[in-house]
Amino acid sequence: MSTVAANALGVAGSGLQDVAASEASLRRFLHGLPGVDQVGLEARAAALGTRSIKTTAKAYAIDLAISMIDLTTLEGADTVGKVRALCAKGRTPDPTDPTTPRVAAICVYPDMVATAKAALEGTDIQVASVATAFPAGRAALPVKLADTADAVAAGADEIDMVIDRGAFLSGRYLDVFNEIVAVKEACKRPDGSSAHLKVIFETGELQTYDNVRRVSWLAMLAGADFIKTSTGKVAVNATPPVTLLMLEAVRDFRAATGVQVGVKPAGGIRTTKDAMKYLVMVNETLGDDWLTQHWFRFGASSLLNDLLMQRQKLATGRYSGPDYVTVD
């Protein structure tokens with residue numbers, strides 16, 4: 001690891017500054033991490049999923065979940081009108097209730113960043129953009145860096161990059177590390193500030209829990225501001241056990257380095273009940289430090305509608321009709 005990268009991470013005094021000095025040292029470190037107890041991990045995730053949240057606590061949790069959403073549209077048929085409509089929904093999720101929180105971010109393709117930025121002017125909603133040949137990540141590094149730089153130049157506050165899963169699964173860990181470092185550099189703006197970098201693993205393609213733990217540490221060592229489960233474009237996306245494992249990784253990383261990293265489960269989280277399970281998991285594993293939109297996000301397109309309907313149910317005692325929320 002370069003001195004610049006080590007200092008930026010705050011790991012210079014942690015004993016980790018030389019971990020990525022070579023392929024051999026990085027492999028030795030990643031394969032030296034404790035193996036994952038699959039049975040124990042899945043049992044704990046299942047147990048946390050049975051916790052019940054009632055009344056006042058549920059109302060708080062619903063509002064918290066809304067405020068953590070990266071409201072997303074990543075389709076080939078996206079239009080300027082669709083992105084503007086999504087931004088309007090993010091700004092005012094429930095036009096009948098001005099106390100409803102705004103979402104954390106709107107997530108779009110790079111060519112829609114300028115549209116989203118203009119539509120969100122005057123708010124604190126972030127504009128997130130996928131980059132690096134999303135979702136497959138199959139492109140040459142210069143193309144990925146140009147993709148990132150274009151999104152940042154258009155006004156993106158956050159970049160969601162995808163790792164090269166082929167390189168990782170082939171054991172080319174240093175290639176993956178160096179690519180994350182390069183994309184992090186491409187997130188810099190002329191004024192010296194940077195867009196936040198979320199690193200997507202596509203955990204459904206990583207085969208083992210041990211690989212999820214390894215890639216989590218690899219990404220954090222390379223400078224990820226957030227680690228993210230999935231693109232939402234494959235059969236298996238975010239799952240409670242995988243997310244729990246990533247939560248444990250960021251906890252252990254902060255203990256080792258003093259650096260706090262966020263977590264974003266994405267794909268397949270559609271109901272309030274799902275969201276509550278994840279919030280319980282964050283609370284029980286990490287505590288209040290991560291229970292904000294600055295450190296935990298939901299990548300979702302349809303979750304917001306269910307949260308709004310459940311919020312209305314708590315307020316009025318009844319469910320609203322089918323026209324209460326917009327169809328995304």
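**Close-up views of a predicted model**

View 1. Tyr-109 is partly exposed, at a relative accessible area of 22%. This is a predicted model. Phe-134 is buried, with a relative accessible area of 10%. The cut-off for buried is under 20%. Six aromatic pairs are counted in the model. Tyr-109 and Phe-134 make one of them, an edge-to-face pair. Their centres are 6.1 Å apart, with 75 degrees between the planes. Tyr-109 sits in the loop between β2 and α6 (113-119). Phe-134 sits in the loop between β3 and α7 (141-153). The pair therefore ties together parts that are 25 residues apart in sequence.

**View 2. Trp-217 meets Phe-253 edge-to-face.** The ring centres of Trp-217 and Phe-253 lie 5.4 Å apart. Their planes stand at 75 degrees, so the pair counts as edge-to-face. Trp-217 belongs to helix α10, and Phe-253 to helix α11 (residues 240-257). The pair links distant parts of the chain, 36 residues apart. Trp-217 is buried, with a relative accessible area of 8%. Phe-253 is buried too, at 0%.

**View 3. Helix α10 is mostly covered.** Helix α10 takes in residues 209-222. Of its 14 residues, 13 are buried. At 1.5 Å a residue, the helix should span 20 Å. Its end C-alpha atoms are 20 Å apart, which agrees. Gly-223 follows α10. The phi of Gly-223 is positive, near 110 degrees.

**View 4. Eight strands form an open, parallel sheet.** The strand order is β7-β6-β5-β4-β3-β2-β1-β8. At the edges stand β7 (262-264) and β8 (298-300). Each has a single partner strand, so one side of each is left without a neighbour in the sheet. Neighbouring strands are turned by 25 degrees against each other on average, direction ignored.

**View 5. Strand β2 runs parallel to β3.** Strand β2 covers residues 105-108, and β3 covers residues 126-131. Four bridges join the two strands. Which residue in β3 is the bridge partner of Cys-107? The partner is Ala-128.

**View 6. Helix α13 packs on the sheet.** Helix α13 covers residues 303-316. The helix touches β1 (69-72) and β8. The direction of α13 makes about 125 degrees with that of β1.

Note on methods: Residues numbered from 1 in each chain as written. Predicted model: local features only at pLDDT ≥ 70, side-chain atom pairs only at ≥ 80, totals over all residues. Heavy atoms only, no water. Pairing = 2+ DSSP bridges. Axes fitted to C-alpha atoms, helices over the stretch in contact; angles between N-to-C directions. Contact = heavy atoms within 4.5 Å. Expected span 1.5 Å × (residues − 1). Buried < 20%, exposed > 50% of the residue type's maximum accessible area, 1.4 Å probe, protein only. Phe/Tyr/Trp six-rings, centres within 6.5 Å; stacked < 30°, edge-to-face > 60°.
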